[in-house]
Structures are given as structure tokens and as C-alpha cells.
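Okay, thanks for coming, everyone. Let me put the structure up, and then I'll walk you through it piece by piece.

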Amino acid sequence: MLFNSLSFAIFLPIVFSIYWLLPHKYRWILILASSYYFYMSWNAKYIVLILFTTCVSYGAARLLENEKNLKKKKMILGISAFLCLLVLFFFKYFNFVSESFTAFLEIFTIQLNPITLKLFLPVGISFYTFQTLSYVIDVYRGKIPAEKHFGYYAAFVSFFPQLVAGPIERAADLMPQIKEEHTFDYDNAAYGLKLMAWGLFKKMVIADTLSKYVSAVYDAPQKMAGFSLILATFFFSFQIYCDFSGYSDIAAGTSRLLGIHLSTNFKSPYFSQSIKEFWSRWHISLSTWFRDYVYIPLGGNRTGKVRHALNLLITFLASGLWHGANWTFVVWGGIHGAAQVVENIILPENRMKSRGIAAFFRTLFVFLFISFAWVFFVSNSIPDALYVIKHAFDGISAPGSYIYNGYAGIGMSLSSIIKENVFLVLLLVYDWMSLKSDVIADCGKLKTPIRWAIYVLLSVTILFLSQKGAAEFIYFQF
Amino acid sequence: MKKFIIKITILFLILSAVTIPVNAMYVKKLGTDPDNTDKFHSVPEEIQLCNFGSSHGLCGFNYADSSEKYTCFNFALLSQYLSYDYRIFENYKDHIREGAIVFIPISYFSLLGTDEVYVGDFKSKNKRYYSFLPASQIKEYDAETAVFTKFLPIMAVDSETVIKALQGKITQDYNEAEWKRKATDMDVAENAKAAYMRHVGYQYLEGGHLTVNQNEITSLYDLIDGCQTIGAVPILITVPYTRDYTDEVKKAGGFYEWFYSFMNQVSEDTGAEFYDYAFDERFADKYEWFMNADHLNEYGANHFTNILMEEVAGKYLDM
């Protein structure tokens, strides 16, 4: 079930109504049942995988809490992590490893047919696997107690607003909220709805529309050359941002309707002045996960310069691989890791931020760099990415036709250019304002006619100017 | 809670008050039969001559002369793949008489590339089938699209379509006026290049190679088998193209060798006859019979259908 579908528009009011009618002690059952239904409406069989991961991590945490012997604790943690990651490996990485291995053997003229599995990638598997992993590690570290109530724990793992694409919540934040009693709060619910509307606008009006132009190029980039390649790349920068942050907004808004607060996943990332800052604003729940469970255990920055650089690279290569079983994602992660290594060398900590015109140019440069890295992320293969980079400036000697052909090549008319630009400017203004204040809360303070005009205009835009057919969110595939 | 529900209800009512008239305006502006599917609501019984296919089939057959003597029907739609030809056949096979001739035009693009559902414009194109095919025959069927297509069509289309329709700029996918157009008024060579690139050429760019669409090939075999099962005669054909177009396709090294070897193999496997008019000299340079490099116009289609009646159908039908 997709957030941007009619079925969800029916499902959510039903869950919302029952949730607030039910006494508190039964609400976890509703959360669990509705979350399983939500997931099973996509693929009923794969609920077994969530159940398996839930049981393994629940059992491991209970054992860890009662175990005093450090060696045995390590063994329990190791087995639990191995089992959870094995499921992830089997469904997501098996074919990639098999194909890469046979390709590697070909270097030594050893010809083998790769063993591949014809399996659908379970939606959200990387998200709930990482959520359960962090829970078991936190119990191992003694940061949180193991949850004794299996029902509460299962509801935490499968909580439907964030089940398939995050944010990857920590047990310390989400579990108490599932357990504690909530009373309906008008302001909170109204804020949630507004956040959902903004998320739907980003997803259905901006991301899904831009996806047409991105697909026109990246489905088969060899058909295109010149400015079309650059346009599609910039459009992808906004598409993926609006798609994923739109999902996070809808997830957070949905949770708020149930009185539960999810962590913030995006904070105006394209207004970053360094790659390091970008990663403190982009997919925050994942970057903090990698920071806490990979980067810091590796030694973080409390090591020598070389080791620190290596730690950064390892973390970002792993983050790239988390996104998908393809070398394109590994390269994308590697580019970001390498950029941070370089940044650490040339930019001391106290020069990470500038002001005025310098800030503008740094922000622009960071955006251009991030867009360049997206080329690898969005391409189907490394040769496709290299093609895009190589041919992006074909025909630039005639700037007029270079630009005109760029727009025409991806099928943009004048009205669509104007429309997309208006929406992108609106997005950037919202994000820029969000740097200093909570725009949604501020909107609630406007005079009633202005406020309602904004709500109606936003809703009408979503209804009439969106792409239809409930397109999947990009991050579902991760 | 009461305040929340009241406000949500007010917003819902305002949006309904906006949506319903805008939808009515959209439907009015859209005009009749924008996707050429109205014909499927009046498919005749006891069809004796019919064809399937993409735009090449849609534009390539003109039964004006034949329909006086025979019950004819053109099942083709723009950019229609063989897999949908087969689904439409399954849905309407009871309308086809035993002994009928079923022309199956093969467009080059329909055998190549990835599965149709992965092609960029699939979703918007697929909506047309909701108006006449049952859910089981529609690819990637979803109830939401079905509901909106039927009751609130404005909610089932993209923003560009809404804007175009409200500006009165939307036209039928294909219409009579366009079909009457003559290629003599256009740069056929340029048009042929673009058509070739769309249909075949993109596969060969940057060291690419021919990717055959196995699902479509299976559908072709299913369609032939379906025709034979109901006692109809399936005839495989390629419609006439301009020389400009076929010359372009020749540039795709090895394509024609593969294509003819494939078609002959299908013919041999199934017993369905294959007639190739792609290079027919009677048509190749007659721009006045084409609407562009690879589509016959109304006059060309009339000539071509009459030729088919003489050279092919005559063997099977009582002329």
C-alpha cells in the first residue's frame, strides 16, 4: 500500500478512528494488525521475513539482558546480527555477489555461469533490518533494556508509517511512544495533516512529474546527448529529494495523527555548505545509524589522519552498498566518502561555514557536486554513468540550440518548464525558510482566510497537477 | 476531536465543490473518444475480416471498400504491443467468425526492448484499456485507476493532460484529419530517421545490441494459436513503409536478417502465412499514400487493403 494511493486514503481514516476509540491497552494490537495488513497488501508472503527478524532480535535482546558473560553476549549479538543480515544478504545481495564473483573470475579467463535467484526484493527490508540491528546492539551496550512484551516490540519493528522507508527509528525513541498512553491533541493532529499535505505535494507534484524527464534520459542515456543529460541529472537531484523527504513527511504526519513523533529525516539538505553538512541534513536516521554503529566503532575521528580517512571511506562505501546491490551505489558512496576526506584536509572545522556571497557559492558548489554524484546513483550501470558525464556538454559550442535541444530532448514544453520551475522555487523557498523556523507551525499562525486559502490551493494542486497512478517511492527498493 | 473532524469535513466539501465542476469541464473539453477506444463498445458480431496491431495496423487498414461485402473490424491502437493484441483477441474472440481472416501486422518495435510495463509512457497509455477490457486482461491493473477512470477522469490523468485539456489543446490520439494527411508535405527523410531511432535504432547506440522481447514473442505465438483454435486464419504481415524508413532500418546491422529469419521461423512453427509488404515497390516512393515515413494514410490504406483482399484474403474468403 502506497501513501499516495486511494487505498491508503481509505485505510488511514479507518485506523485513525479505531485508534482513538480504542482504550490505550489495546492500541498496540491495532498498530500491529494495521502494520501487518499495510505490509501484506504489497506481498503477503514476505511478512514471514519481518516476523523472523522480529523473533530473532526480540529473543537475542532478552538473552543479552540476562547474560553476564561478555563472550557469550558477543556470541548472542553475533548470531542475531548474522541471522538478520543473512536474510538481507539472501534477498538483496546474493545475485550481486554471485555476478561480481564470476565477473572477477573472468579476469583470470575462468568462465562460470553465475548462480542467481529470481526473488523479489522485499520492500523496506534494509530499513527494518537496520532498525532491529540497532535495537539489539543498544541492548548489548546496555543503553536500553530489552523489551519484554513481544507485542509492543513487534509493533515497534513494523510500525506502518515508517516500516518500508524509514526513518530508521531507535528503540529508545519509538518504543516508549508505542507503550505510553496518548490523548488526542488537535494541534498535533492538524500539524500532522499539514505535514502530510506538504509531503504529498513534494512526492506527487514535484517528484513524480520530474521522474518522467529523468526516465526519458536515464532509462537509456545513449539515446540522448548534451544538455538533456544535465537537465535530467538536476531533475533527479530534486526528484529523489522530494520523493524521499516527501515520504518522510507523510510518515511523520501519519504518526502524528496517532500521537507518535518520528525523528526528523531531512533538514533542507540542498542548503549545505559542505558534504559533511549535507550528511547531517540528508537521510539523518541512516547517517546517524552509520555514525553510531559503523564509523564510531571503527574509531571515528579519534585516530590518526590516515585511519580517520579510511574510516570515512569504509562508512560511506557501506552506506552506498546499503542503498543497492550494484557497483553504481558503491561508487556513489565512495565519491561522498572521498569528498569528506578531501574536505577534512582542505577545510578546517572552523571554516566549514561561510556567510554572504561566499555562502551562496559554497552552497551552489556543494549542490553541483552532489548532483554529479547522483549520476552514479541513478544510472543503471557504470558505463551509463560514464556516458552521461562524457556527453553532457556535447553541442555546447552553440549555446542556444544546446539549451533548446536539451529541453526538447526530454519532452518539456514551455508550459511544463514554467510549471516545474514555479514548483521548484516554492520548494527552495520553503526549505530556505525552514532553516530558521518551522514553516508549518508558522502557517498555522496566519489569519484564517489566508491559511485556508493555502490549504485549499495546496490540496487542489495535489489533486489536479500531480502525476497519477500511485508511483512507488524510490527508497522502497532499498 | 470534534473540531478536527469538522474542519476535515469542511475541507473535504470545499475540495469536492471544486473537483466536481472542474472534472465536468475537463470531460467536456476532452471531446469524444480521445484515445480511439469507443469502437470497442460496438464490435460487430460474426467478423469475417479483421486486424490487430499498433499504429501501423490502425493506419494501414481501410475496410471502406470491403465492408460492403464483409463484416470487418480494426482492433489496432496506437503503440499497441502484441501482448495487448492477444488480450483484446481473448476478450473479443467470440465476435470472430469461423473461417475469418485475422491480419496480424508486426511492427519492428513490438518485438524489441524491455517489457512494455517498463517503458516510460506505459502508465498513461495503459489507462485506455480500462474502458473496454476486464480487469483480468489489463496489465498492472489497479482498482484506483479503474475507479478514477470511470467516475473522475481528471483524477486519472497527468497534470500536462489536465492543463492541455482545460486550454482546449487536447486532440484525439489519432483522428480522421491526420489520417488524410499526405507525406508529400513533410520532410520524410528526417521523419524516417526519428521513427527508426524510436523503433529500432536506439538498441544499436553506443555498442548496444539487439534485445528481443520474449514476452511479446510468446504473445504472438499465443495469438496465432488462439486464432487457429477458433477456426480463424491468422496472417502475419508487415505493412508498406516508405523507402526512407526501410533504408534507415537497414542501417541497423543485422536487424533485417534477424527479423526475417524470426518471421519465417514463426511461420514454420505455426503454419501461419507471412506476407511482407515492407519493401513493396508499389508503395515505397508514393508519398501521397503515406501520412509520414512509416504510416499509410487513408488513401494508401485503402489501396493496401484492396491489394490484401486480392492477393491474400482471396485465397480464403469467397470473393
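Chain A has a radius of gyration of 23 Å, which agrees with the value near 23 Å that a compact globule of 478 residues would have. That radius is taken over C-alpha atoms, and the globule rule is 2.2 Å times the number of residues to the power 0.38. Before I go on: this is a predicted model, where local features need pLDDT of at least 70 and side-chain atom pairs count only at pLDDT 80 or more, while totals for chains, interfaces and linings use all residues. Residues are numbered from 1 along each chain as its sequence is written, and chains are lettered from A and ligands numbered from 1 in the order in which they are written.

Back to chain A. Along the principal axes, its C-alpha atoms fill a box of roughly 70 × 70 × 50 Å. It has 20 helices and 0 strands; helices here are DSSP runs of H or I with at least four residues, strands are runs of E with at least two, and both are numbered from the N terminus. Of its 478 residues, 42% count as buried, meaning 20 or more other C-beta atoms lie within 10 Å of the residue's own, with C-beta atoms placed from the backbone (12 or fewer is exposed, in between is partly exposed).

Which way do H3(A) and H5(A) run relative to each other? Helix H3 (residues 47-66) and helix H5 (residues 125-140) of chain A pack at about 5°, axes 9 Å apart. So they're roughly parallel, the word for angles under 35 degrees; over 145 is roughly antiparallel, 65 to 115 roughly perpendicular, and the rest oblique. The axes are lines fitted to C-alpha atoms, for helices over the stretch in contact, and angles run from 0 to 180 degrees between N-to-C directions. Residues making this contact include Leu49(A) and Ala60(A) from H3(A), and Tyr128(A) and Val136(A) from H5(A).

Now chain B. It has an open sheet of 5 strands with parallel pairing, in the order S2-S1-S3-S4-S5. Two strands pair if DSSP finds at least two bridges between them. The edges are S2 (72-74) and S5 (273-276), each pairing on one side only. Neighbouring strands are turned by 20° on average, direction ignored.

At the S2(B) end, S1 (residues 47-51) of chain B pairs with S2(B) over 3 bridges, and Asn51(B) stands opposite Asn74(B).

Next, S4(B), residues 233-238: 6 of its 6 residues are buried. One side has Val233(B), Ile235(B) and Ile237(B), the other Pro234(B), Leu236(B) and Thr238(B). S3(B) joins S4(B) through 5 bridges, with Ile104(B) partnered by Leu236(B). Then 4 bridges join S4(B) to S5(B), where Ile237(B) has Tyr275(B) as its partner.

One residue I'd like you to find is Met291(B), in strand S6 (residues 290-292) of chain B. Met291(B) is buried, with 25 other C-beta atoms within 10 Å. Leaving aside neighbours within four places in sequence, its contacts include Cys59(B), Trp179(B) and Asn297(B); contact means C-beta atoms, placed from the backbone, within 7 Å.

Last, where the chains meet. 28 residues of chain B are in contact with 31 of chain A. On the chain B side, H1(B) gives the most, with 8 residues.

Definitions and conventions:
Two residues are in contact if their C-beta atoms, placed from the backbone, lie within 7 Å.
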